[in-house]
Amino acid sequence: MISVNKNALPSVLDLIRNAEILGIKVYTSANGATVIDCGVKESGCHEAGLQFLKICAGGLIEPSIVHQSIAGQVFPFVHLTVKHPIIACLGSQKAGWVIRMNDFFAMGSGPARALALKPKGTYKAIHYQDTSDIAIIALEAGVLPDADICAHIAEKCGVTLSNLYVLVASTRSIVGSIQISGRIVTMAMHKLEDMGYDLTNIVNAAGRSPVAPVKKTFQQAMGVTNDCNIYYGSVIISTKFYSDEFSKITSDNSEMYGRPFYELFKNANYNFVNIGSYLGFSPAELTVNDCTTGNVYHFGRLNEEVLLESFYATNE
């Protein structure tokens, strides 16, 4: 069985070796954990974002940056191909671990989830659990974790603090923008999981999504990073069994479709729960290849008008 923690470790060590070049910084917590600032106090860069993204998926995706045109304007896009999509997306990359202690809050993703089984329901559904003496977690947070947070993570993972690696990036950083756009395939997989589709039928997956510009505030960044996937993120899935669930996972199925996410977020008092998960966790378009019949299906659409409104509307 593939170990997502062991498989991602070489990329983590490479990140540490090249920290200065990548515009990131490595710290050792007071109790011995390795904390890597990829976009909190440090600026990071596109390459650091790609490394963060690959590590977050247990080393099972191959990401790249490609520049493409949207309505005549050129923007960076994340392109990715996924190996073992069930393990990579749901077993590792899914942001399934909410870490809340004292004043600290973060969404946790990455290989460490497969040790702590966060959440248990996902690992039961995909029949996967990692066994590793090292743990690697990726946090989306605006501050770096202290020793108590690191101790909590290590305990849940069953590893020593010296074998814990914590990667951190703020939503309002270039690494944060890249890693959120790089979740585009996981969003589709997560939606299928919620609908009860038998994920073992999925053979291959790939995707692309534009990289959001870095914004001034967390709220603005939350809006624009979500809009990249909601309005311009594309997913391609190959499956052994086609089902009607595929037609229901694109964002245009939501009643809230057509408005920038920042506007919805602001009207919901900046509480994600008040918006609901349907729009926020849905790709713009999906192409499905049924490998059994050879049929190809397409759902959803790209919406450049709303995306560009989102890119510029939050310049308050």
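Does Cys228 count as buried or exposed, and at what relative accessibility? Cys228 counts as buried, at 0% relative accessibility; buried means under 20% relative accessible area, exposed over 50% and partly exposed in between, with a 1.4 Å probe and protein chains only.

The model is predicted: local features need pLDDT of at least 70 and side-chain atom pairs count only at pLDDT 80 or more, while totals for chains, interfaces and linings use all residues. Residues are numbered from 1 along each chain as its sequence is written, and side-chain values use heavy atoms, with hydrogens and water left out.

View 1. The structure holds 0 disulfides, a disulfide being a pair of cysteine sulfur atoms within 2.5 Å. Cys89 is in no disulfide, and the nearest cysteine sulfur, that of Cys56, is 10 Å away. Cys89 is buried, with a relative accessible area of 2%. Cys228 is likewise in no disulfide; its nearest cysteine sulfur, again that of Cys56, is 17 Å away.

**View 2. The second largest pocket.** A pocket is defined on a 1 Å grid over the protein atoms alone as an open set of points with protein on both sides within 12 Å along at least five of seven lines, where a 1.4 Å probe fits; lining residues have an atom within 4 Å of a point. The second largest pocket has a volume of about 170 Å³, a volume being the space filled by probe spheres set on the points, which are joined across faces, edges and corners. Its lining consists of His84, Pro85, Ile86, Ile87, Ile126, His127, Tyr128, Thr200, Ile202 and Val203. Two or more of these residues come from each of α4 (85-93) and β9 (202-210); helices (H or I, at least four residues) and strands (E, at least two) are DSSP runs, numbered from the N terminus. The largest share, 3 residues, is given by α4.

**View 3. The largest nonpolar core.** A nonpolar core is a set of buried Ala, Val, Leu, Ile, Met, Phe, Trp, Tyr and Cys residues joined through side-chain atoms within 4.5 Å. The largest one has 59 residues, and Val185, Ile237 and Phe246 have the most contacts inside it. Apart from it lies another core, of 22 residues, among them Ile137, Ile153, Val159 and Leu164. With contact meaning heavy atoms within 4.5 Å, and residues up to four places away in sequence not counted, Phe246 touches Leu192, Tyr197, Ile237, Thr239, Phe241, Leu286, Val288 and Phe299.

**View 4. Helix α9.** Helix α9 (residues 184-194) is largely enclosed by the rest of the structure, because 10 of its 11 residues are buried. The buried residues include Ile184, Val185, His190, Lys191 and Glu193. Gly196, which follows α9, has a positive phi, near 85°.

**View 5. Met107 in strand β6.** Met107 is found in strand β6 (residues 104-109) and is partly exposed, with a relative accessible area of 25%. Leaving aside neighbours within four places in sequence, Met107 is in contact with Ala95, Trp97, Val98, Ala138, Leu139 and Glu140. The C-alpha atoms of Met107 and Ala141, 34 residues apart along the chain, are separated by 7.0 Å.

**View 6. Ile55 in helix α3.** Ile55 has its place in helix α3 (residues 46-56) and is buried, with a relative accessible area of 1%. Not counting residues up to four places away in sequence, Ile55 touches Ala8, Ser11, Val12, Leu15, Ser92, Pro111, Ile136 and Leu167.
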